[in-house]
Amino acid sequence: MPGLVMAAPATISGGLESRYSDNARQTAFDEESDLETRVSVGIQHTSDPGQCNSDLGARFGYGYWLDDTFDPETYTNLDFMGDCQLGNNVVWQVTDQLRDVVQDSRVSNTPTNRTRKNVFRTGPLVTFNLGPVDQLFLSAQYENTEYSEPEETDSERYIGSIGWDHFFSSTFTGGFSASVNQAELDTEEEIDRETLNATFSKTWAATSMRGSVGYSQIESSLNNSDRESDAIVGDLILTRDINPTTELTLEASRELTDQTSDFDIRFGDFVFNLEQTSAVEVSAIRLGLGKEFSGGSSLSAAAYANRSEYLDFETEEERSGVSADYRRPITGQLTATLGVGYDFLTYEDDDTEDVLFRANAGIDFQLNRKLSVISRVGHERRDSDITTREFDENWILVGLNYQFL
């Protein structure tokens with residue numbers, strides 16, 4: 001973008017990891033062991049403030065399986081946000097999000113059940129100050145979603161929004177917004193959504209909260225067949241500093257959308273079932289806790305629940321779980337790590353339930369300022385009402401990470 005400020009140096013790192021699994025395919029029968037070696041490069045960059053700003057975080061990897069259990073794979077994770085000031089009240093925004101996502105929550109998270117999802121969005125935001133305490137904004141955005149697997153549905157969409165904010169005080173803002181979202185899938189299906197929201201944001205000494213609540217209607221059209229649904233929708237983000245070393249976050253959202261939206265990127269523990277199609281009502285809530293202890297130890301824990309209702313098929317999938325990660329320095333160079341997770345899944349169409357459990361422990365060794373060694377041992381298990389979905393896996397990982405810049 002013209003005028004982009006790139007004065008701050010980028011951080012570039014490289015990684016080499018080898019992971020041995022005694023059940024690489026995560027199957028219930030005919031278990032096969034294999035060793036995957038993965039090479040990766042990571043980039044972090046934030047521009048200096050200016051007329052144009054950007055924030056980039058990305059990691060790209062390539063994995064090779066010794067006994068050819070799977071074909072060689074590329075791994076991607078990218079977040080880019082940029083904007084340019086085009087005038088006193090006009091900003092052009094660009095975002096791009098790239099992820100490897102699971103295609104079907106009923107199948108193990110292996111390379112054959114993953115696809116690459118890219119969500120690109122761009123457009124102008126125009127802001128008008130109507131007075132000292134009132135602000136009007138207009139935005140128009142184009143969004144393109146593509147999956148790397150050709151059988152998955154891609155889409156193009158156009159989003160128009162208008163909103164009004166009133167500053168009741170320096171810490172409290174309220175207003176209204178309306179948006180029209182028109183998506184065209186490559187299956188020639190069209191999905192139109194209209195949403196009207198009341199919005200708010202409030203800050204206190206140790207707490208901040210923002211969100212919205214409103215009404216949304218969605219209509220899908222394919223081969224002269226139309227289907228309409230509506231729902232009360234909204235979202236909430238709350239952050240509270242319990243004390244100087246403890247932070248609590250709460251995120252919740254309910255939307256009418258489709259599988260080509262970025263909902264699964266925003267809520268990482270949510271999985272769209274890409275075998276279903278078209279309109280879906282999604283709900284998610286996540287409670288997170290971050291704690292720093294004396295001596296440098298830290299704890300990150302979360303509890304979450306989400307639900308997806310596929311409106312065209314009148315079926316639901318639900319997922320709830322907890323996860324925790326703990327780090328504790330042993331010496332100035334050694335750090336011990338421990339991670340656990342538990343998920344409970346239910347599927348309405350066949351009335352089945354699954355339980356996922358995962359645990360890992362390891363040691364990180366910082367050889368010097370740029371080079372570190374990581375080691376992990378872990379176990380994953382899935383119990384299910386369907387025998388073919390069950391598996392047990394034990395794994396060992398050893399890796400190097402080097403920071404070039």
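**Ground rules.** I number residues from 1 along each chain as its sequence is written. Because the model is predicted, local features need pLDDT of at least 70 and side-chain atom pairs count only at pLDDT 80 or more, while totals for chains, interfaces and linings use all residues; side-chain values use heavy atoms, without hydrogens and water.

**Entry 1: strands.** I took strands as DSSP runs (E, at least two residues), numbered from the N terminus. Two strands pair if DSSP finds at least two bridges between them. I looked up β8 (residues 155-167) and β9 (residues 172-185) and found them antiparallel, joined by 13 bridges. His166 stands opposite Gly174 in β9. The two strands form a hairpin, with 4 residues between them.

Next I followed β9 to β10 (residues 190-203). This pair is also antiparallel, over 13 bridges. Here Glu184 stands opposite Glu190 in β10. β9 and β10 form a hairpin too, again with 4 residues between them.

**Entry 2: positive phi.** Most residues other than glycine have a negative phi. Glu188, in the loop between β9 and β10, has a phi near 75°. Asp30 has a phi near 50° and sits in the loop between β1 (11-21) and β2 (34-46). Are they buried or exposed? I used relative accessible area: buried is under 20%, exposed over 50%, partly exposed in between (1.4 Å probe, protein chains only). Asp30 has 71% relative accessibility, so it counts as exposed. Glu188 has 65%, so it is exposed as well.

**Entry 3: cores.** A nonpolar core is a set of buried Ala, Val, Leu, Ile, Met, Phe, Trp, Tyr and Cys residues joined through side-chain atoms within 4.5 Å. The largest one has 11 residues, among them Val101, Tyr147, Phe270 and Tyr310. Strand β14 (residues 279-292) gives the largest share, 3 residues. A second, separate core has 9 residues, including Ala183, Ile218, Ala279 and Leu311.

I then checked the contacts of Phe270 (heavy atoms within 4.5 Å). Leaving out residues up to four places away in sequence, Phe270 touches Phe263, Asp264, Val282, Asn306, Arg307 and Ser308.

**Entry 4: the disulfide.** How many disulfides are there? I counted pairs of cysteine sulfur atoms within 2.5 Å and got 1. Cys52 and Cys84 form it, with sulfur atoms 1.7 Å apart. Cys52 lies in β3 (residues 52-65) and Cys84 in β4 (residues 73-85), 32 residues apart. The S-S torsion is about 110°, so the disulfide is right-handed. Both Cys52 and Cys84 are buried.
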